[in-house]
Protein chains: 4
Amino acid sequence: MTADINARKLRMVMIGGGPGSAIGGVHRRAANLDGQYDLVGGAFSTDETRTRSMGRELFLDPERVTNSWQDLLDRERALPMDRRADVVSIVTPNHLHFEQATAALRLGFHVIMDKPMTMTLDEAYRLRDTVRASGRIFALTHPYAAGVMIKLARDLVAQGTIGTVRRVVVEYPQGWLARRIEADNNRQALWRTDPALAGSGCVGDIGTHAANLSETVTGMRVVSVSADVGTVVEGRRLDDDFSVHARWENGARGSIQASQIAAGEGNGLSIRVYGTDAGLEWRHDRQDFLYVRHQQKPWEKYARGTEYVAAISPAAARVTRTDQYHPEGYIEEFANICLNAAAAIRAVESGRQPTALELDFPNVHDGIRGMAFIQATLQSSRTASAWVEVEGGPGAE
Amino acid sequence: MTADINARKLRMVMIGGGPGSAIGGVHRRAANLDGQYDLVGGAFSTDETRTRSMGRELFLDPERVTNSWQDLLDRERALPMDRRADVVSIVTPNHLHFEQATAALRLGFHVIMDKPMTMTLDEAYRLRDTVRASGRIFALTHPYAAGVMIKLARDLVAQGTIGTVRRVVVEYPQGWLARRIEADNNRQALWRTDPALAGSGCVGDIGTHAANLSETVTGMRVVSVSADVGTVVEGRRLDDDFSVHARWENGARGSIQASQIAAGEGNGLSIRVYGTDAGLEWRHDRQDFLYVRHQQKPWEKYARGTEYVAAISPAAARVTRTDQYHPEGYIEEFANICLNAAAAIRAVESGRQPTALELDFPNVHDGIRGMAFIQATLQSSRTASAWVEVEGGPGAE
Amino acid sequence: MTADINARKLRMVMIGGGPGSAIGGVHRRAANLDGQYDLVGGAFSTDETRTRSMGRELFLDPERVTNSWQDLLDRERALPMDRRADVVSIVTPNHLHFEQATAALRLGFHVIMDKPMTMTLDEAYRLRDTVRASGRIFALTHPYAAGVMIKLARDLVAQGTIGTVRRVVVEYPQGWLARRIEADNNRQALWRTDPALAGSGCVGDIGTHAANLSETVTGMRVVSVSADVGTVVEGRRLDDDFSVHARWENGARGSIQASQIAAGEGNGLSIRVYGTDAGLEWRHDRQDFLYVRHQQKPWEKYARGTEYVAAISPAAARVTRTDQYHPEGYIEEFANICLNAAAAIRAVESGRQPTALELDFPNVHDGIRGMAFIQATLQSSRTASAWVEVEGGPGAE
Amino acid sequence: MTADINARKLRMVMIGGGPGSAIGGVHRRAANLDGQYDLVGGAFSTDETRTRSMGRELFLDPERVTNSWQDLLDRERALPMDRRADVVSIVTPNHLHFEQATAALRLGFHVIMDKPMTMTLDEAYRLRDTVRASGRIFALTHPYAAGVMIKLARDLVAQGTIGTVRRVVVEYPQGWLARRIEADNNRQALWRTDPALAGSGCVGDIGTHAANLSETVTGMRVVSVSADVGTVVEGRRLDDDFSVHARWENGARGSIQASQIAAGEGNGLSIRVYGTDAGLEWRHDRQDFLYVRHQQKPWEKYARGTEYVAAISPAAARVTRTDQYHPEGYIEEFANICLNAAAAIRAVESGRQPTALELDFPNVHDGIRGMAFIQATLQSSRTASAWVEVEGGPGAE
């Protein structure tokens with residue numbers, strides 16, 4: 001691509017995210033926020049009318065809007081370097097991820113994609129190989145794990161602030177599937193509860209966020225699980241509720257739980273990590289804060305946007321947009337991934353190895369970890385909560 | 001005892017609760033609070049000097065203070081009816097509970113005792129038989145389950161406010177055993193981590209509170225568990241951390257967790273119950289409130305001391321001491337047990353069957369349930385988290 | 001009184017607190033809690049039937065129950081030293097306080113009395129003189145100011161933790177008088193909105209708590225006010241809502257507000273004090289915690305019942321009953337006054353000067369301050385919020 | 001401008017917001033977020049190097065970047081219609097607002113400008129006249145008042161949910177000026193404490209937000225104030241702390257307070273409005289929620305992104321970007337103004353009157369109200385808190 005990569009916005013095209021999609025708008029706003037990307041085209045829907053409608057709403061050149069993702073990639077590939085898209089944003093249902101990401105990477109595009117990464121662990125390994133071979137940037141949107149205070153939490157744990165990690169508790173209750181709304185043709189529910197489109201239900205959709213969050217904050221992989229996975233709502237075709245007992249690499253014990261039938265809950269993700277000296281807690285509904293609890297001195301509440309957070313965590317400082325105590329939200333978490341990915345893409349395009357801070361976003365290895373977590377969890381539950389090892393560590397790769 | 005039972009305070013003697021005991025002072029204050037009991041004697045410690053010192057501090061008649069609990073019961077028994085104790089409060093380490101309670105009941109005293117009830121499930125069944133044979137009142141101090149808002153929660157669930165219960169999450173993190181303080185001769189830690197004195201560790205000490213709370217609120221027994229119990233602190237002789245996957249009677253799924261090594265935590269008991277229509281949450285650190293969360297209308301926060309709570313739950317109203325929004329605390333939870341037990345004792349002594357509201361306190365059946373939970377949880381964990389049925393239901397009795 | 005004062009409970013009689021009284025039960029439970037007092041008699045109501053009924057409910061000797069407070073004091077005075085009451089608890093409407101307290105003190109009784117202390121500032125000065133002349137202990141029940149975490153706050157401020165105090169904000173919203181419930185014969189509302197019985201409304205009933213709290217925490221008097229006092233509910237005879245701009249002794253600025261018509265509020269007392277280095281906050285609905293906020297390091301949350309609080313504040317430690325994070329409540333705040341007053345009474349009766357820690361409860365000087373605050377606030381409001389000095393400092397005494 | 005206004009992004013240029021500006025980045029991200037604006041040029045700084053540097057960072061055409069705002073406007077004016085800017089974003093210190101906005105409007109540009117609007121109330125009236133004469137859209141960035149839950153609060157009040165408004169409490173504590181950081185050349189502090197550049201200090205900078213919030217939520221003007229304004233930090237040249245007693249149009253009473261020296265506070269804006277039936281509360285640090293408190297039923301917590309909020313408030317629904325319980329933040333509040341202003345601009349440019357929902361953002365009348373509030377507050381404080389009427393109602397215009 002062009003040598004002027006650092007003098008212009010990155011050009012992005014999107015696959016998926018048509019009218020009615022929740023996550024498409026989030027990806028677009030996250031890419032817009034910091035002025036690093038320009039959305040120039042898309043295959044928003046396989047329906048011609050719907051994809052055109054979305055293109056108009058986004059003020060796009062009709063020439064770069066189509067109802068076929070293959071067509072989109074081919075057309076962009078055919079454009080001259082100074083017009084061609086740099087990045088493909090993939091926000092389709094899970095069963096399409098593997099094929100679309102593979103194609104985009106092989107055509108030389110960088111990719112920002114929604115999770116879970118693939119339908120199987122085997123696909124995940126193969127996608128990892130494709131990423132490596134392509135030399136392209138691949139970002140996976142685990143937005144919570146990319147939050148400012150999660151970066152702080154990770155860095156505090158790494159710096160020894162809470163001592164050696166011994167217990168981890170991650171919970172992710174949601175209530176939106178408390179009733180069988182897929183039977184009412186709820187668009188989201190329809191595909192997310194369809195085995196052919198989603199692969200797994202609660203474990204894949206939000207369990208992977210929970211597991212990924214624990215690995216991000218502790219810096220350790222989940223190595224084994226004893227799981228209890230269930231489908232609570234009658235007639236549903238995928239799991240909608242689970243708990244696992246877990247072990248992390250250093251032997252730390254704990255629990256990962258998620259539910260989509262926790263009536264009344266919105267999006268209640270939280271994590272607590274207890275070390276030998278102190279515990280920390282982060283909750284998505286107070287995402288600008290991190291709570292550190294000491295046994296024999298006052299509890300601490302760290303606030304995003306402060307100088308002392310910046311001093312502890314350059315990674316947190318790098319993606320902090322507003323002054324102390326002006327709340328940021330979910331879109332900003334997403335945008336953190338886009339912002340760092342943009343820097344990494346610019347580095348690669350400039351022929352330079354991105355720095356660790358530029359590469360501080362979830363990637364293909366997080367995707368492998370997610371698929372391994374799904375596989376082990378479902379297997380354990382099928383075998384009466386027997387303990388199962390979670391594949392996908394550095395050795396497995 | 002005397003016919004004037006309704007014209008005087010109940011006379012109480014205490015076994016245990018000597019200098020340095022935390023729970024002795026709580027039991028005494030709980031008994032004092034509502035003016036229903038008069039502490040008249042005690043065997044506070046097996047050490048003569050210590051028991052005497054406590055007797056003086058409590059302004060007691062030295063004739064009714066001794067270092068032997070058998071001696072205490074014998075002396076009281078020998079007193080004339082119009083001076084003799086009505087109730088024995090037992091606040092000793094667990095291994096003494098069975099023998100002391102059995103003796104007190106057989107001598108005709110009512111008993112208010114700390115939990116866990118016994119050292120084994122078998123003892124629990126035998127104590128149940130003794131209670132039945134004695135016709136005496138037996139109260140077990142699960143204070144959290146006796147809280148005003150827990151009574152409200154139970155009554156809301158029973159009235160169908162949240163629909164059919166489908167998911168239950170109880171957590172109880174504490175941090176006080178994060179270090180091996182028993183090695184520093186910490187008085188509490190010494191006996192609570194000693195297998196001979198405590199029987200079980202985290203599961204028995206606080207896991208039983210958590211399980212009992214779930215059974216109280218849902219009105220259903222825990223019927224099976226897949227457990228992960230561990231000893232985190234090196235050199236410790238009992239478990240200090242656990243999680244269980246659980247099922248309740250109607251098939252509801254969920255999780256019960258507790259830890260004593262969750263550094264930074266105080267006494268973080270909480271419960272969430274999700275039904276088909278809504279979820280509810282109670283947290284011990286905000287014990288005056290109950291949160292009810294609807295899926296499609298604003299979340300609700302119920303406050304203790306209000307007229308609407310009284311209208312929903314006569315059991316809650318009965319033990320509400322202060323007006324709206326004047327906080328009550330842990331001692332008041334304890335005192336709720338004492339207050340209802342006093343009414344039940346007065347009924348029994350007056351030759352009348354106590355009402356359901358008067359009997360609204362944890363009893364010997366809760367004690368059986370606690371021992372059954374401990375036994376099943378430890379067995380499951382020993383067998384690699386295999387699912388184990390929890391004994392102790394009506395059938396088992 | 002008898003030489004064995006330290007070997008027995010203190011004997012208390014109560015004036016007021018008959019059936020239906022809210023505050024009578026609170027005073028009784030607060031006196032019961034720590035086992036320092038024995039309620040032995042009372043003039044609970046001027047109605048013979050009602051006072052007798054309350055006496056029976058409290059298991060009292062009918063000989064020591066009467067419907068006349070003068071009669072009560074005379075009878076007690078006539079009893080032999082080893083039976084006579086030590087303390088009179090006064091929980092009547094405000095217009096009776098001055099006469100009853102004066103009489104009790106002159107007869108040699110110690111007094112624990114509800115606030116506001118008198119009907120006028122002049123009476124307050126005269127009662128102060130009577131207290132001095134009597135040599136008796138006089139405690140005024142500002143319970144919030146006697147809370148554990150307020151003692152901690154006061155000691156932190158005195159130790160310079162937040163620097164020099166510059167801004168103070170106290171708020172006390174209640175909603176119970178949002179409607180004109182005195183017209184429905186609500187018992188509490190009837191006397192509290194009657195000028196002849198209550199003297200002042202919102203300013204006297206809860207404004208004095210708010211002002212007292214600010215003086216307790218800062219260690220400084222409110223020296224001037226610009227007030228806006230109003231009666232919001234049509235037909236009401238006393239004020240039910242006010243705000244004042246205020247100055248404290250060192251020139252610190254700030255605001256004191258209270259309302260009884262803040263519909264939806266329970267008992268929302270809170271205080272924030274900002275110094276040159278940090279700010280602190282305490283809220284009655286989270287009374288076990290104190291929040292200290294630094295400008296350039298994490299915010300701190302102090303918890304009652306911890307060793308670090310005990311190390312900072314011996315006064316807080318002295319009235320701490322339960323371990324870390326077991327909540328205490330409103331009754332315990334009240335009981336803190338009773339507990340320290342008991343120690344002070346025992347000291348005086350033993351011929352010894354009470355220590356500063358024993359005397360750590362609101363007293364007649366707080367009562368004077370309260371009346372001065374009421375007087376200045378009402379005067380300022382009558383003169384279009386002109387600034388008015390608040391009398392009642394050491395000089396004025 | 002061009003007829004294709006609805007088929008393209010709006011072109012924006014910015015005055016102010018150079019390197020180191022906090023608010024410039026917020027305005028840019030807010031304009032970016034929803035993909036309605038394209039930043040095409042700017043006069044970011046009067047320093048040539050600094051303005052160029054910012055232009056490059058934003059990937060702008062150097063031809064449209066200058067160090068002179070007059071030059072910027074002239075150049076844009078000279079461009080053909082299909083390239084020319086539509087909107088000027090003004091984020092300079094206060095003393096420049098009047099002249100810059102006037103010039104931009106007269107040249108035919110729409111304006112989005114930071115508050116306070118002008119230096120004097122007279123200028124505010126004159127700017128109002130210029131807006132009217134221009135037929136252009138003028139938006140004033142009071143972001144808090146544009147938040148989703150504030151729109152809900154306003155609509156709930158208007159629909160009578162809390163009854164007739166009787167008491168209003170707005171607080172806005174900040175701590176960033178607790179020390180005299182202007183003496184350390186802190187960029188923000190330097191101009192915000194300079195009378196020539198800022199006009200007023202705490203009253204103008206954050207007091208206007210607080211007053212505006214109260215007017216937005218209640219739908220009533222502040223009609224009179226009794227104020228206490230001070231400069232706490234020695235050597236500071238403008239006010240940094242104030243309280244006012246206030247009256248709203250219907251006689252409702254209450255208080256507006258703000259401080260910049262409240263050490264430890266971040267950006268603690270909150271509002272409570274009490275009606276005859278219930279009270280509501282909103283806090284900026286939990287901006288996704290609205291608390292409605294009833295006197296005799298459970299308190300309610302409304303959550304942004306829910307269907308029930310959308311049903312109550314179309315204005316809230318219109319600016320809701322994410323599903324239930326995915327937090328939004330400060331930038332999104334700002335972006336709400338940009339989003340509605342874009343719709344209004346498109347309407348005007350299409351020759352159509354914008355709808356009420358499109359015009360739902362703070363405008364020149366809010367600017368007048370802000371200046372009137374500053375003027376009355378300062379005058380009242382200078383006259384010993386005498387009550388002063390606040391100009392600027394419909395009559396005054």
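**Entry 1: a proline in a loop**

I started with Pro116(B), and I found this residue in the loop between β4 (110–114) and α5 of chain B. I kept in mind that I am looking at a predicted model. Next I checked the peptide bond that leads from Lys115(B) into Pro116(B), and this bond is cis, with omega near -5°.

I then turned to chain A. Which kind of peptide bond joins Lys115(A) and Pro116(A)? I read a cis bond there, with omega at about -5°. Pro116(A) sits in the loop between β4 (110–113) and α5 of chain A.

**Entry 2: α4 and α5 in chain B**

From the loop I moved on to the helices. I looked up helix α4 (residues 94–106) of chain B and helix α5 (residues 121–134) of chain B, and their axes are 9 Å apart and meet at an angle of about 10°. An angle under 35 degrees counts as roughly parallel, so I noted α4(B) as roughly parallel to α5(B). I also wrote down that the crossing of these two helices is left-handed.

Who does the touching? From α4(B) I listed Phe98(B), Ala101(B), Thr102(B), Leu105(B) and Arg106(B). From α5(B) I listed Glu123(B), Arg126(B), Leu127(B), Thr130(B), Val131(B) and Ser134(B). Sorted by class, this contact holds 5 nonpolar, 3 polar and 3 charged residues.

**Entry 3: α4 and α5 in chain A**

I repeated the look-up in chain A. Here the axes of helix α4 (residues 94–106) and helix α5 (residues 121–134) come within 9 Å and cross at roughly 10°. That makes α4(A) roughly parallel to α5(A). Is the crossing left-handed or right-handed? I noted it as left-handed.

On the α4(A) side I found Phe98(A), Ala101(A), Thr102(A), Leu105(A) and Arg106(A). They meet Glu123(A), Arg126(A), Leu127(A), Thr130(A), Val131(A) and Ser134(A) in α5(A). The classes came out as 5 nonpolar, 3 polar and 3 charged residues.

**Entry 4: α1 and α12 in chain B**

From α1(B), the contact uses Ile23(B), Val26(B), His27(B), Arg29(B), Ala30(B), Ala31(B) and Leu33(B). From α12(B), the partners are Tyr330(B), Ile331(B), Glu332(B), Phe334(B), Ala335(B) and Cys338(B). I counted the classes as 10 nonpolar, 1 polar and 2 charged.

While I was there, I looked at Glu349(B), which belongs to helix α12 (residues 330–349) of chain B. Its relative accessible area is 19%. The cut-off for buried is under 20%, so Glu349(B) is buried. Its side chain makes a polar contact of 2.7 Å with the side chain of His110(B).

My next stop was Asp228(A), in strand β7 (residues 222–230) of chain A. Is Asp228(A) buried or exposed? I read 4% relative accessibility, so this residue counts as buried.

I then listed its contacts, leaving aside neighbours within four places in sequence. In chain A they are Asp241(A), Phe242(A), Ser243(A), Ser381(A) and Ser385(A). From chain B I wrote down His245(B), Arg247(B), Arg253(B) and Trp387(B). With Arg247(B) there is a side-chain polar contact of 2.7 Å. I also looked up Ala386(A), which is 158 residues away from Asp228(A) along the chain, while their C-alpha atoms are separated by 9.5 Å.

**Entry 5: Gln100(C)**

Which residues does Gln100(C) contact, leaving aside neighbours within four places in sequence? I found Ile15(C), Trp69(C), Ile90(C) and Thr92(C). The side chains of Gln100(C) and Thr92(C) are joined by a polar contact of 2.7 Å.

**Entry 6: two positive phi values in chain D**

I ended in chain D with backbone angles. Phe59(D) has a positive phi, near 60°, and is a residue other than glycine. I located Phe59(D) in the loop between α2 (48–57) and α3 (69–78). With a relative accessible area of 18%, Phe59(D) is buried.

Ala384(D) is not a glycine, yet its phi is positive at about 55°. This residue lies in the loop between α13 (364–382) and β14 (388–389) of chain D. I noted 47% relative accessibility, so Ala384(D) counts as partly exposed.

Technical notes
Residues are numbered from 1 along each chain as its sequence is written. Chains are lettered from A and ligands numbered from 1 in the order in which they are written. This is a predicted model: local features need pLDDT of at least 70, side-chain atom pairs count only at pLDDT 80 or more; totals for chains, interfaces and linings use all residues. Side-chain values use heavy atoms; hydrogens and water are left out. Axes are lines fitted to C-alpha atoms, for helices over the stretch in contact, and angles run from 0 to 180 degrees between N-to-C directions. Helices (H or I, at least four residues) and strands (E, at least two) are DSSP runs, numbered from the N terminus. Angles under 35 degrees count as roughly parallel, over 145 as roughly antiparallel, 65 to 115 as roughly perpendicular and the rest as oblique. A crossing is left-handed if the near helix is turned anticlockwise from the far one by less than a right angle, and right-handed if clockwise. Contact means heavy atoms within 4.5 Å. Ala, Val, Leu, Ile, Met, Phe, Trp, Tyr, Cys and Pro count as nonpolar, Asp, Glu, Lys and Arg as charged, and the others, Gly among them, as polar. Buried means under 20% relative accessible area, exposed over 50%, partly exposed in between (1.4 Å probe, protein chains only). A polar contact is a pair of N or O atoms within 3.5 Å; within protein, one must be able to donate a hydrogen and the other to accept it, and residues adjacent in sequence count only if both atoms are side-chain atoms.
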